[in-house]
Amino acid sequence: MTDWLVRHFIQDADNTSDHLVRARYGQFAGVVGIVCNVLLCLAKGGIGLLAGSVSIVADAVNNLSDAASNIVSLMGFKLASRPADPEHPYGHGRYEYLAGLVVAALVLAIGINLVGSSVEKILHPTPVEFNGTLVAILLLSIVVKLWMAAFNRTIGRRIDSETLQATAVDSRNDVISTAAVLASAVISHVAGIQLDGFMGTAVGVFIVVSGIGLLRDTVNPLLGQAPSPELVEHIRAKIMSYPGVLGTHDLMVHDYGPGRQFASAHVEMPVEADPMESHDLIDNIEQDFKENDGLIVTLHYDPIVTDDPAVTDMRNWIDQAVKIIDPRITIHDLRTVPGPTHTNVIFDCVRPADLALSEEQLRRRVKQIVADHYPRTVVKVTIDESYVSSAQ
């Protein structure tokens, strides 16, 4: 059903990497959500007022706020699709993250409001009228929201949208909320006890917890979270797949919105190779990422001496020795400058972000390890910070 709707209303539906196609996906999902939620709000609001049920009226207000969330999402995709300009050379893709943040905040506000109104109903209970129309409308709402959850989840995964994923979670919450309201209405009618307020409170707490989780998920990209392990491994594997590449390090990934990622890295290549050939190879790697991954990658050439066995042995030994401090520590760009009384050993050391040692403490430890093994050396260490997850 979802695939049919998408292909019927969106041309070039398979080209999800295109920003305009992506925006059409998001806007289409927003329009569908607005229509469904407004209709559900009208139906549940009417029956809730007639039945005197605070939980049903709250559920109707929830649908109205969902429609508002859909409008926010619609605006977010529209703004995110704007092209780059002189003031925003990386585009406007982060508008989508901001839209997701607003949706998450609305979910949290709805949960808090529902808890408040439900507690009031517990303190001042009133009977709830029960009839077949009420049951039918709530069952219809559950079916529609189940479909909307699947609809938004499918499109959200297809275009890798945190906003639509949050909307899908919100629809799932609505299914649970409406099912709980229906169950409380049936139990109250059969057993003659008033569960309306208690059930509303439980549902409200669930929505609050879910809203906090959504806020965390949507704030992380705005704060500059580490790239996914899958993306880091893909970038490293592609770079290392080219003949002549000895290693890669100092990877950085910058996220300016879905489909708008930029990366940079250093690539180690033999210093003995023709520099023009090395430069050409780096250009080819960058072009490969751009054409096949939609990723703008800038690579820096690091020449590595490979025809000096002593330097190679020293590099390999130091790289393993520093792992005594922490297995995640790595070194790169090692070079030596021999002199009549000592040899300068110069290299960079990557410090994991959560390492207990400070930059200066790590530098002293590394220098001591090298100096103990190579007493006729003067060690000069530059500490680099890791910009991918320490687990990677």
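**A sheet, a helix pair and one leucine**

Reader: Let's start with the strands β4 and β5: how many bridges pair them, and in which sense?
Author: Bear in mind that this is a predicted model. Strands in a sheet can pair either parallel or antiparallel through backbone hydrogen bonds. The pairing sense is antiparallel, and the count is 7 bridges.

Reader: Which strands of that sheet stand at the edges?
Author: The sheet is an open one of 3 strands, ordered β4-β5-β6, and its pairing is mixed. A strand with a single partner has one side left without a neighbour in the sheet, so the edges are β4 (330-338) and β6 (377-385).

Reader: And how much twist is there from one strand to the next?
Author: We're still on the open sheet with the order β4-β5-β6. Going from one strand to the next, the twist averages 15°.

Reader: Which helix packs on the sheet by touching β5 and β6?
Author: Two helices are worth a look here. Helix α10 (residues 309-321) packs on the sheet against β4 and β5, with its direction at about 140° to that of β4. The one touching β5 and β6 runs at about 145° to β6 and covers residues 359-373: helix α11.

Reader: Moving to α4 and α6, are they roughly parallel or roughly antiparallel?
Author: The axes of helix α4 (residues 94-123) and helix α6 (residues 162-191) come within 8 Å and cross at roughly 20°. Angles under 35 degrees count as roughly parallel. The crossing is also left-handed. So the label for α4 and α6 is roughly parallel.

Reader: How many charged residues does the contact of α4 with α6 have?
Author: On the α4 side, the contact includes Glu-96, Ala-99 and Val-103, while α6 brings in Glu-162, Ala-166 and Asp-170, among others. By class, the contact has 4 nonpolar and 4 polar residues, and the charged ones number 3.

Reader: What about Leu-74: is that residue buried, partly exposed or exposed?
Author: Leu-74 sits in helix α3 (residues 54-80). Leaving aside residues up to four places away in sequence, Leu-74 touches Gln-27, Gly-30, Val-31 and Ile-34. Buried would take under 20% relative accessible area and exposed over 50%. Leu-74 has 25%, so the answer is partly exposed.

Reader: How far apart in space are Leu-74 and Thr-377?
Author: In sequence, the two are 303 residues apart. In space, going C-alpha to C-alpha, Leu-74 and Thr-377 are separated by 63 Å.

Key
Residues are numbered from 1 along each chain as its sequence is written. This is a predicted model: local features need pLDDT of at least 70, side-chain atom pairs count only at pLDDT 80 or more; totals for chains, interfaces and linings use all residues. Side-chain values use heavy atoms; hydrogens and water are left out. Two strands pair if DSSP finds at least two bridges between them. Helices (H or I, at least four residues) and strands (E, at least two) are DSSP runs, numbered from the N terminus. Axes are lines fitted to C-alpha atoms, for helices over the stretch in contact, and angles run from 0 to 180 degrees between N-to-C directions. Contact means heavy atoms within 4.5 Å. Buried means under 20% relative accessible area, exposed over 50%, partly exposed in between (1.4 Å probe, protein chains only). Angles under 35 degrees count as roughly parallel, over 145 as roughly antiparallel, 65 to 115 as roughly perpendicular and the rest as oblique. A crossing is left-handed if the near helix is turned anticlockwise from the far one by less than a right angle, and right-handed if clockwise. Ala, Val, Leu, Ile, Met, Phe, Trp, Tyr, Cys and Pro count as nonpolar, Asp, Glu, Lys and Arg as charged, and the others, Gly among them, as polar.
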